[in-house]
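Me: I have a structure open and want to talk it through. Can you take my questions one at a time?

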Amino acid sequence: MENTLSTILQQNSDSLNYLLPEIILVITFLETIVADLFWKKKEITLFVTFFGLAIALLANVAQLGVTDKLLFNGMLQFTAVAVVYKLLSIAAALVALVVLLSEKSLLNTAKGIGEYCTLVLGLTIGCQFMCLATNLLSIYVAVEMVSLAAYLLVAYKSADKKATEGAIKYVLFGAVASAVLLYGISLVYGLTGTLLLIDSNFLANLSKAPLGLVAIALVFILGGIAFKLSVVPFHFWTPDVYQSSPISVVVLVSSVPKIAAFALLTSFLGIFSFQLSNGPLIWPHFPWQNVLAVLAILTLSIGNLSAIGQHNVKRLLAWSSIAHTGFMLLAVVAFSISGHIALLFYLLVYVVMNAGAFFAVLLLEKQYKATTIQDYSGLGAKAPLVAVMLVICLVSLIGLPVTAGFVAKFLVFSTVLDAYAINANPILLAALILGAVNTVISLFYYFKIVVFLFLKKQASTLEQVATVQLWEKGVLILLVLIIVLLGLLPSTLIAFISGIVNVKSAMILY
Amino acid sequence: MLSVIIFLPLLASLLILAVPANKAPVYKAIAIAVTVVQIALCGYIYFTGNFSSYQEVYNQQSYQFVEKADWINLQLGQLGTLDIDYFVALDGLSAPLLLLSAVVMLIALVASAEIKQNHKGFYSLLLLANMAIMGTFCALDFFLFYLFYELMLLPLYFLIGMWGGERREYAAIKFFLYTLFGSVFMLLVMVGLYFSVTDPVTGAHTFNLLHMMNPANYQQGALFTAEAGSLLFGYPTRLIAFIIVFIAFAIKIPMVPLHTWLPDAHVEAPTPVSIVLAALVLKIGAYGILRICFGIFPDGAIAFSFWIGLLGVISIIYGALNALASTDLKRMVAFSSISHMGFVLLGFSSLTPEGVNGAVMQLVSHGFLSATLFFLVGVVYSRVQNRTIAHFSGLATIMPKYTAFVLITFFASLGLPVFSAFIAELFVLIGAFTSESVNGMIPRWMAVIGSVGILLGAAYFLWTLQRMFFGKLHLHGGDEWRVKLKDVSRQEYIVLLGLSLITIAIGIFPSLVFDVSNSAANALLQHVLQIGKMQLVQLFAL
């Protein structure tokens, strides 16, 4: 291809067509700033944000089924699978905004809500680019964009000392993680001479490089992504940040960047693995499967074991979200198309049940100022609807039938068992057994909440300070309905996901 | 028809939730109406179904009232098609248990007079449990079976936890954790089976239990294929899978040493829930062993028959000794359940027609008897909120009718002729005794020790009878209790009379059960002996 200026310009303007959702988001980003400056009414700002996100969502829907294309000389790669991840992340951001509407303490801060909306949009834009990036530089820029927005969001209620503490921890860990990521990138660049992941020289040159150096470089890059996923041992920030942040921020930070990070992880791993008829062929110079399986097992187990001792409900759910990341990572460990399907389904279900659980917790906090498990004593009788909905979300988080969480866990177990049947890697068997054991452990701590809600006698001290509005109940019921429906009839959704993943995975795995 | 039986309670449960609060009689009426309809339908099925023309266990022709529909059908990349059916049907093994379930559910509802708070929640949860139990007995798709099996846990957890006694939180979560621990590992085996088995017609992987029973449907070189099968930690994977699934169900039965949840759960649960637990949930464990362990892994059934028999005998003796030492009447009944379910395991392990048929009979017999026993305990407990054996003496003088029913039920439970338990335990012991000479599965001394268990049973039942009902009237609560301890009400009288008649009817006409269960049990036995031996040879060639 001739690299004259005109062809490059032509390519770039062609590429812009593929970025319609991102462009819409950027315009909305600017609009919110303007709206906040001139009208200073939070209703208008919120409306603009909602509207922009919804339009971007629709633009993404319109991109479903569009064939793959390399954009901007390989800085980004538009793929059908990336569209799914993008869709999911925007939808998750919308859910988090709905939760915000109910969180008056954040909605009515002295700062106003304008900057908050701007940051949410910034985060979402960063996540869109994380889903598309295939150049090590564009990956780094996208990850940093997400990180910066997340730092500011976590510290948004900075009047609160605990929020500040959580935010500072987050920034410190995040800075180290991004430095590590950057170092890994520079090493890889030094070894391969290219930043372009899909460059044919990339893998060839990496194969010739000294193994130790390659291992260090790849572990560093993996570490940078793992921080975004809060995978053990890069998880220390998560419980503190979740406990101290407003719940709508937690819903946002625990889902949107996670989706994008998984998109990034799978497309990065896709470079190293190929789908053959008799199973996956994984690049042999780095033990991807074992490293990821160990990370998954650690994340799963430490997340669950740490959750047992928690008394603050938000902190408990934070540890549980770490454990769920471990489960999703298991789907990646399988290195198969079905694993990718399982991952996408799990992510979607996770977004819904995570948001449902946190939203119910928010409503209980609003109504009764209940923040610890002990505060929940007897609330099942006082607020039966919210409590029952919370229980269903928790049942889904455990992975019991007939909820979507069960189907998700079932798919993960299936793919890992299938991978084990093909290559008999003992670490996969260990992952299966520990996954099963962890399900039992998770029952124990999730049901601690249920015990206090329904089994303990009513605590007399809790006064109702606010009422739950009808729309809040409606949203909660809707989320739970999705959980139950996906548990009963997952076929359509899974068929849809597998249609998209299969098209792409004819040759390269992810 | 089966779908109606399964999902009617769900509808009723939703209906109860829709009825305005504080209408306890309405909830109960709805629940009872639904259960009566279930009994009618199950009775119709039981007496009109053609359960005697049995072919191979994996032949769909052997099953009656088949309902089959595509449920989840997905193209999953290289995993192939995920094929889950809504597949329910009955055979001679499940039909008696289904009828038992419907009857016991009605008794549980009658016994729920002691429920004093949150009636709405109670009845809707009890109906939900009803649905799950019915579904478990009918499902012939492993996925569907697992769904119902797990779904049963949630309502039972809340029923124990919200309406139970003092230590209800502990008992409820212990019950839940034990069962879940067994079943998550069963989930792994289920997935493994799914990858090993293909539908002979469509070629897709399937969860169909019948296909899983047929060795011809196993793929070459798959995880659970017997021929040239795989090894795990140096043992054939199939045998390990058998152990995993067996443990999952043995927890439910419960088999010593996996039984420790039972005394807690049964004692802490309110009377109706104890009835459901003892009469039905334990049966699901035994049913699962027959249908899934023996049906799918017949090789394991042969390979481990000695150990199953041994654990059965230990359960018989250990349960009986504990019952003997119990000071709480309900605890004694709970331990007697462990002892009686030990006979079921002993019968299964003998792999003789007498033993297996006797074990199935024991399931039905113990279902009715344990329901009666817990109902009887509930009668005293609902009156004085106390059931310590030592606190009562000479009850016969103030509660003659009650004493008469206790007498009948205790004698029936300890295996006196004319009652159902006699037939069941006799057949089990005959099977265990002949096993050594017929097929060499379990040694003769197991039968001998099993009969010692019957003696011990007589000891604890008769001793309790003597301590509580005969002798001089002496009540711990004095005159206050004496006023409260009225004889059985008319409602209780009818239930107890009905249950006693059922036990006697089965005892005198065992063909009431055997006619239905016999050919299915024999076909399963044939399946285990033939295919199991063949597969064992293949496994040992590894």
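Me: Start with B:Phe65. Buried, exposed or partly exposed?

Reply: Partly exposed, because B:Phe65 has 17 other C-beta atoms within 10 Å. Burial would take 20 or more. Keep in mind that this is a predicted model.

Me: Where does B:Phe65 sit?

Reply: In strand S1 of chain B, residues 64-75.

Me: What about the phi of B:Phe65?

Reply: Positive, about 55°, although B:Phe65 is not a glycine. Most residues other than glycine have a negative phi.

Me: And what is the phi of B:Asn118?

Reply: B:Asn118 is not a glycine, yet its phi is positive at about 50°. B:Asn118 sits in the loop between helix H3 (94-110) and helix H4 (119-138) of chain B. B:Asn118 counts as partly exposed because 17 other C-beta atoms lie within 10 Å.

Me: Switching to peptide bonds. Is the one from B:Ile253 to B:Pro254 cis or trans?

Reply: Cis, with omega near -10°. B:Pro254 is in the loop between helix H9 (237-252) and helix H10 (261-268) of chain B.

Me: In chain A, is the bond from A:Pro401 to A:Val402 cis or trans?

Reply: That one is cis, with omega near -5°. A:Val402 is in the loop between helix H17 (384-398) and H18 of chain A. Most peptide bonds are trans.

Me: OK, zoom out. How many helices and strands in chain B?

Reply: 22 helices and four strands.

Me: What are the overall dimensions of chain B?

Reply: The C-alpha trace spans about 75 × 60 × 45 Å along its principal axes. The radius of gyration of chain B is 23 Å. A compact globule of 542 residues would be near 24 Å, so the two agree.

Me: What share of chain B is buried?

Reply: 63% of its 542 residues.

Me: And what share of the contacts in chain B join residues at least 24 apart?

Reply: 77%, counting contacts between residues at least 6 apart in sequence.

Me: Now helix packing. How do H5 and H7 of chain B run relative to each other?

Reply: The axes of H5(B) (residues 142-151) and H7(B) (residues 168-196) cross at roughly 170° and come within 11 Å. An angle over 145 degrees counts as roughly antiparallel, so H5(B) and H7(B) are roughly antiparallel to each other.

Me: Which residues make that contact?

Reply: From H5(B), B:Phe142, B:Tyr146, B:Tyr149 and B:Glu150. From H7(B), B:Ser183, B:Leu187, B:Met190 and B:Leu193. They divide into six nonpolar, one polar and one charged.

Me: Next, B:Gly300. Buried or exposed?

Reply: Buried, because 26 other C-beta atoms lie within 10 Å of the one placed for B:Gly300. B:Gly300 lies in helix H12 of chain B, residues 298-303.

Me: What does B:Gly300 touch?

Reply: Leaving out residues up to four places away in sequence, B:Gly300 touches B:Arg238, B:Leu239, B:Phe242 and B:Cys293.

Me: Now the largest nonpolar core. Which residues touch the most other members?

Reply: A:Met130, A:Tyr346 and A:Val416, out of 428 residues in that core. H15(A) gives the largest share, 24 residues.

Me: What is A:Val416 in contact with?

Reply: Beyond its neighbours within four places in sequence, A:Leu330, A:Val333, A:Ala334, A:Leu428, A:Ala431 and A:Leu432.

Me: Last one: how many residues does each chain put into the contact between A and B?

Reply: 29 from chain A and 30 from chain B. On the chain A side, the elements that give two or more residues are helices H15 (337-368), H18 (404-423), H19 (426-455) and H21 (491-504). H19(A) gives the largest share of that side, 10 residues.

Me: Polar or nonpolar on the chain A side?

Reply: The chain A residues there divide into 21 nonpolar, seven polar and one charged.

Note on methods. Residues numbered from 1 in each chain as written. Chains lettered and ligands numbered in written order. Predicted model: local features only at pLDDT ≥ 70, side-chain atom pairs only at ≥ 80, totals over all residues. Contact = placed C-beta atoms within 7 Å. Nonpolar A, V, L, I, M, F, W, Y, C, P; charged D, E, K, R; others polar. Rg over C-alpha atoms; globule rule 2.2 N^0.38 Å. Buried ≥ 20, exposed ≤ 12 C-beta atoms within 10 Å, placed from the backbone. Core = buried A, V, L, I, M, F, W, Y, C linked by C-beta atoms within 7 Å. Axes fitted to C-alpha atoms, helices over the stretch in contact; angles between N-to-C directions. Parallel < 35°, antiparallel > 145°, perpendicular 65-115°, else oblique.
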